[in-house]
Amino acid sequence: MKLNNEQVKALVNIIRHYTGFKFPDGLNAELLSHLESGFAHINKDPEELIGLVERFSFNPSRVLELIQPILDEVLIGETYFFRDYEAYDLLAAEVLPELVKQFGSYKRSLRVWSAGCSSGEEAYSLSIFLNKYFAGKDWQIDILGTDLNKSRLEKARQAVYGLNSFRHQSRFKEAFTPVEGRGNLQVKEEYRRNVQFKFLNLLENTSQPLKTDLYMYDLIFCRNVFIYFDQKTIKAVAKRLYQTLAPGGFLVITPSEYSKELFADFEIIDTVNYRILRRPLLVKNEFPVSPKISHIKAEKVQAHMSINPTSQPEIISEISPFEEKLVKDPLNSALYLHLVALYQEQNAPVKALEMARKYVYLEPHKPEGYFYLINLEAQAGNKQRQARAYNRIISILENSNPAEHSPNLPSITYGELLNLVRAGLKEIQYQTEFEN
Ligand SMILES: C[S@@+](CC[C@H](N)C(=O)[O-])C[C@H]1O[C@@H](n2cnc3c(N)ncnc32)[C@H](O)[C@@H]1O
């Protein structure tokens, strides 16, 4: 379908606003043809689509659903196995020995995120590499691949790849088995079972890291993704990745994506090529499990207000339906937990703390509320209460079955959680000694 200049401009702006994708070197003929062929899969005329996007501007997930066929065509998903082999060599030489040392006897598991994973080659490369590195050592490796291109995520789940995915790749051929189709190879089951793929827009911060599982990662690969973002977006996404890393966790990018200013919170480990960054181990008054304020969302609220000031209450009032439900159902603990996250996101730590305290009053034997309290009490300057929250969660977890999962933390066992919390407490104690 042919689009006129105005329609193209409007669609380009929508894609940029909701995904950060800045159309490298403007809109060349190839991207324009992808844009048009993506649009052809949407059963609407351009003005109708643009109108709907405006109407749903308070709900970015809905907008992404509307424009998904265009994203599937437009977003550049170029990738292949063991792209930049040097980065993997650096993992083995610098990153993994350091993590093993840092975990000591606390932890024998690794949480790894391939952010912007496209069709999954990077996530599987990490699985193959890490499984081989830790072979025979009884380590649990969990890998999450995320992208906002749904058709590539589907390909990732199939794990079947043609020759194009194996450029420059001669090592680890034994990790694949031939399947039907000329030259097609599938990643062997043993390297697939610990890899999960999920749809995720890196631009959209989440108020529920516990539910989405985006917390306490030890290693994040986010490569060849920042190149498509403008500076403001890079900064916001870098901040999100920082918050998702455990203290001492590593971020791997590509050398050309590094900038001192944009990644200012990180330590630089690889000072030759600027590929490997790290969230520092000692950070004051911070516990990474708890969600932080969404800068992106705040910007979107402002942008939205300037387009259509009357709809501002729709966003801010995200909280009111839950407050109303609480009036009718004041013993519903799940509502308090949800409100903790929402108040945090709206930069209201005092209200968030109040809700977290009410939650643990109602659910004194569940660990989730204490996670939030650890951070919120610290923010409020209540060190003793923070220490109490730590001790409380440790005693709950010590009395839980280490192999079981909490419904709110589906991908991590109580045993692993206990290790994480102990490591967090150890760090706070270390910090206190350091300060004194
Ligand atoms: C060039 S590929 C990189 C794949 C892989 N990381 C690599 O280095 O080989 C970039 C990927 O980032 C994804 N992407 C772009 N913007 C995104 C966003 N806002 N949220 C999530 N993924 C995004 C694209 O869909 C694409 O699959």
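**Reading the sheet, a helix pair and the ligand shell**

Guide: An open sheet of seven strands runs in the order S6-S2-S1-S7-S8-S10-S9, with mixed pairing. Strands here are DSSP runs (E, at least two residues), and helices are runs of H or I, at least four residues, numbered from the N terminus. Two strands pair if DSSP finds at least two bridges between them. This is a predicted model: local features need pLDDT of at least 70, side-chain atom pairs count only at pLDDT 80 or more, and totals for chains, interfaces and linings use all residues. Residues are numbered from 1 along each chain as its sequence is written.

Visitor: Which strands stand at the edges?

Guide: Strand S6 (195-199) and strand S9 (267-268) do; each has a single partner strand, so one side of each is left without a neighbour in the sheet. S6 pairs with strand S2 (residues 140-147) in the parallel sense, over five bridges. Ile 143 stands opposite Val 195 in S6.

Visitor: How are two packed helices described?

Guide: By the angle between their axes and the distance between the axes. Axes are lines fitted to C-alpha atoms, for helices over the stretch in contact; angles run from 0 to 180 degrees between N-to-C directions. Helix H2 (residues 29-40) and helix H4 (residues 60-74) pack at about 150 degrees, axes 8 Å apart.

Visitor: Where does the ligand lie?

Guide: Between domain 1 (5-74) and domain 2 (85-278), because both give residues to the shell around the ligand. Domain bounds come from an automatic or database domain assignment. The ligand is surrounded by 25 residues; the closest include Leu 75 and Thr 79. Near means a C-beta atom, placed from the backbone, within 6 Å.
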